Amino acid sequence: MSETSEKLLYIISAKKEVTWLSFKETFDYLYNVETGVREENTDKDGIKNKRFQVIRALDSLGHCDFNFSDDSSKSKAYAAPPLLVRLPSAGFPQAILAGARSPTTIQQLSDACQSVGNHINVEIQEQASELGLIPKRVAVQAEDVRELQAIASSLSIPFIETPSAWSLLHFAASIDDYLATLKWSNDPELKWKHQTFHPISLQFIEETDANIRISRYSHPSRNTKICYLWQDERGTEIDLDWGRYAVLKALRRNVLIYDKRRFTMAVPASANLPRLLERALTLCSGYAATYVKKLPHEPQIKGFKLFSAIPPQIAEMTAAKLGQTLLHQS
């Protein structure tokens, strides 16, 4: 097993919080070590995209929280407190290890499991090969929920009997809740260079004539972007993840695919879920979403993230939160 995949979380956990610059430098160094690429030969766009994927995965797995600001010096990554997260799976109760981690954490967990009973099963697996620098999935299976509670108590970490996937889904806002918080304005559109979200390809293109649209503007002097939702010549600043689904809902464009035989949910990579909803799906299995280039049901969409072990009720509830109707495909 690769130890490099653990080191990024080890470093953030040891410091508890790191600045964005420190996170970026640490990630880039470990990425070059993992890939064997010399720093001067690094593909800057490639490493930027990979860094973004890892940030999403660390957040959705419950290991870290990220706070981004227009002022990059104020942007930080935080290690979440360690805890056992119960999975919403049938059969024997299972939980995964989330949050901060040190080089001794997994051994301490194994010892705690042994102290509760020899029948406790600890499973340690690498994440998908394309997800470098994502820590291993550490899962515990017991015969009774009280045994999971005893293991957590032995480690002095929390364990909540209700699966976090359910709690997060019930806590998360819906698209209507989010839109109700926006403040609309009749101010003229920014004159900055921008691209507009295309609801069929789900890509940003130079222009579109839709009545409702989301445009992403590049600041003329700073390396920052801002998104606005426009409808009937009124505009409002909007979070990109929510904004795309606001447009898709208004146009009745359904893009979420569910395979009820394999309990797999496919989400377009170019239409990421809002953070809490993505974390809820990820904490159904403890595996970060994997990537496929395309699916035959939606050939015009380039790239999907696949979430595994998603119960039908959670898939339906996630779609409903976003004003989507699930596309049931095999």
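Colleague: Which strands each supply at least two residues of the lining of the largest cavity?
Modeller: β5 (94–98) and β7 (137–141). Strands are DSSP runs of E, at least two residues, and helices are runs of H or I, at least four, numbered from the N terminus. This is a predicted model: local features need pLDDT of at least 70, side-chain atom pairs count only at pLDDT 80 or more, and totals for chains, interfaces and linings use all residues. Residues are numbered from 1 along each chain, and side-chain values use heavy atoms, without hydrogens and water.
Colleague: Which residues line the largest cavity?
Modeller: L61, H63, I96, L97, R101, Q127, K136, R137, V138 and G286. A cavity is a set of points on a 1 Å grid over the protein atoms alone where a 1.4 Å probe fits but cannot get out; lining residues have an atom within 4 Å of a point.
Colleague: And what volume does the largest cavity have?
Modeller: About 30 Å³, counted as the space filled by probe spheres set on the points, which are joined across faces, edges and corners.
Colleague: New topic. In what order do the five strands of the open sheet run?
Modeller: β10-β9-β11-β12-β13, with antiparallel pairing. Two strands pair if DSSP finds at least two bridges between them.
Colleague: Which strands stand at the edges?
Modeller: β10 (204–205) and β13 (234–237). Each has a single partner strand, so one side of each lacks a neighbour in the sheet.
Colleague: How many bridges join β12 to β13?
Modeller: Four, with β12 covering residues 225–231. Q231 stands opposite R234 in β13.

Terms used. 1 Å grid on protein atoms, 1.4 Å probe; cavity = no way out; pocket = protein on both sides within 12 Å on 5 of 7 lines; lining within 4 Å.
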